[in-house]
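Let's take a walk through a protein model together. Keep the picture open beside you as you read.

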Amino acid sequence: MEFVNKIKRLKKPNAPWKKYYEVDDIELNDDTIYELLEKSALDNPERYAIEYFGKKTKFKVFLKQIDDCAKAFKAQGIQSKDVVTICMPNTPEAVICFYALNKIGAISNMIHPLSGEEEIKNYLINNHTKLLVTIDIALEKITHILEETGVNKVVVTSPKDSMPILLNVGYSLTQGRKFKKVHDSMYIYYHDFIKLGKNETVETVSGKRDTPAVILHSGGTTGSPKGIVLSNGNFNALVKQSIITFDKLNPDEDSILTIMPLFHGFGLGVCTHTPLCLGVKTILVPQFSAKTFDKLLDKTKPTVVIGVPTLYEALTNSNNVPNLDLSKIKYLISGGDSLSDSQIDKINNYLKAHGCKIDLAQGYGMTESLAATAFTAGPGNKKGSIGIPFLGNYFKIVDPETGDTLGPNEDGEICVCGPTVMLGYLDNEVETNNVLRIHSDGYVWLHTGDIGCIDEDGVCYYKQRLKRMIISSGYNVYPSYIENIIEQHPAVLSCTVIGIPHPYKIEVPKAFIVLRNDYHGIGSTKKSIKSFCEKHLSKHSVPYEFEFRKSLPRTLIGKVDFKKLMAEEEEKRKKEKKKNEEVS
């Protein structure tokens, strides 16, 4: 896992947006993720770091919990540079483990607890995981595949572990009964795990900012799943950028609602590490219901909300709290996918009707750049734009074919350079070199696979995805990966997946399937294929619709013509809309 860049850099890239900033650049140092958090905790010992189901934890207690957890990892033999997988939703234990591992120099591999069995197995094998920390809801899947991996210990947690006493008891009597305890030496429950480290001592492992710290997972710009290796410096640079960008934040009065999951760059970098290092309380939400989002806002009263378009679209359609007061909100940010002007207007009208004094802002980024590279707040905001790059980041537009830099308002591929750009893809030099390219200026540029432009003021615009990737509820969904899984089913001859519109999730995958000649009975076969998908794919990657055909359209060179399928779906939607209008 070595990523070293020896580059002779020339003058800094062109940055017309810098006129909107009062300082020229951000200051970076060699702190680790834990060291920057520790400084915040020591500066704010009596402030609250985390709120979870109403239970609040002060920074001084939070720091002690991290230290105890680091001792427990050491007692299990975890050392610097070892990989530990965290398979958990947004719970205090997940955050504590993340910082504890960084304290001892280990690497956190963050994965989705709703991933399919095969996905989890591959994550554990490919990342050489020595120890796994998991939520109990994923335990059954893990017991099925654990022997095939190199994991030698599993630490089991529950959403109830940090709940207030009454909620803990209530959860144990209801949801907790669904998960049977495993009695095996390979498994240890979180509280027992912590106790085993009480006699250990740990020293903080300091590292340089280019030291690998976290592995997140995405399909990258080409669609096949990859481990994205991010450094201590990537995370801490985002904090330094946020100090300048979010200058209205006040630790004495502000809190952020952390709905975005910790296994997502948005959730881990933007919604968790950044606010904690700024001394701002983080409200952890392990399970989110879009239908009751207004009730959650009313109950928790955050001043900063960050989410995906799905979340805000659902908010405009909810009326559980007619008198919802949003007047205290300072920042309301959408990322993960773009919103149309009409969607933005609808959301802003809702906000205004509920006393909100600001408009919805949009952010732009990808996991390979820790999810946030540009932002629309401030004087650099223009309608329809993704705003201006965070200070220290550079954008440019290049011709996708020639690589030549394009001028103002010319559409091409968006390239990003800056301190939050990943180290590379894990054990995948070819793909790393494909997206991280050294340009003639001597800088490494991340080729995003997105099409956009930059105007004469340095304001950036996103137009469309260069590849076929689907974004569903803010998650990247990769058609080629789904196709590969479905085609492993014995009944399937061939398969193509496209994205189709969804009222809340923006897009969902639809699978077009050709069955083998000796398979009949669409009903039972469809059920079998869907079950197969649920076992091998994460929840958001399971196709929303399945359509069976005798053949699939093909291009002149014999490839499946997915564009024609998309056009057919569009035409079908138009006919249905016209029919509904005639009926009404």
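Start where α2 passes α3, and you will see a right-handed crossing. Keep in mind that this is a predicted model. Helix α2 covers residues 59–75 and helix α3 covers residues 92–103; they pack at an angle of about 65°, with 8 Å between their axes. On the α2 side, the residues that touch include F62, I66 and F73, and on the α3 side they include V95, Y99 and L101. Sorted by kind, the residues of this contact are 11 nonpolar, 1 polar and 2 charged.

Now look at α2 by itself.

Next, turn to the strands. Strands of a sheet pair through backbone hydrogen bonds, either parallel or antiparallel. Here, 9 strands form an open sheet with mixed pairing, in the order β2-β1-β11-β10-β12-β13-β14-β15-β16. At the edges stand β2 (55–58) and β16 (388–389); each has a single partner strand, so one side of each has no neighbour in the sheet.

Both senses of pairing can be found here. Strand β1 (residues 48–52) pairs with β2 in the antiparallel sense over 4 bridges, and the bridge partner of Y52 in β2 is K55. Strand β12 (residues 304–307) pairs with β13 in the parallel sense, also over 4 bridges, and there I306 stands opposite I333 of β13. Follow the side chains of β13 (residues 331–334): Y331 and I333 point one way, L332 and S334 point the other way, and all are buried.

Helix α9 (residues 265–277) lies across β1, β10, β11 and β12, and runs at about 160° to β10.

**One residue in its surroundings**

Finally, find L284 in strand β11. Is L284 buried or exposed? Its relative accessible area is 3%, so L284 counts as buried, since the cut-off for buried is under 20%. Although L284 and Y52 are 232 residues apart along the chain, their C-alpha atoms are separated by 5.4 Å. Leaving aside neighbours within four places in sequence, the contacts of L284 include I50, Y52, P92, V95 and T258.

Methods: Residues numbered from 1 in each chain as written. Predicted model: local features only at pLDDT ≥ 70, side-chain atom pairs only at ≥ 80, totals over all residues. Heavy atoms only, no water. Axes fitted to C-alpha atoms, helices over the stretch in contact; angles between N-to-C directions. Helix = DSSP H or I, 4+ residues; strand = E, 2+ residues; numbered from the N terminus. Left-handed = near helix turned anticlockwise from the far one by under 90°. Contact = heavy atoms within 4.5 Å. Nonpolar A, V, L, I, M, F, W, Y, C, P; charged D, E, K, R; others polar. Buried < 20%, exposed > 50% of the residue type's maximum accessible area, 1.4 Å probe, protein only. Pairing = 2+ DSSP bridges.
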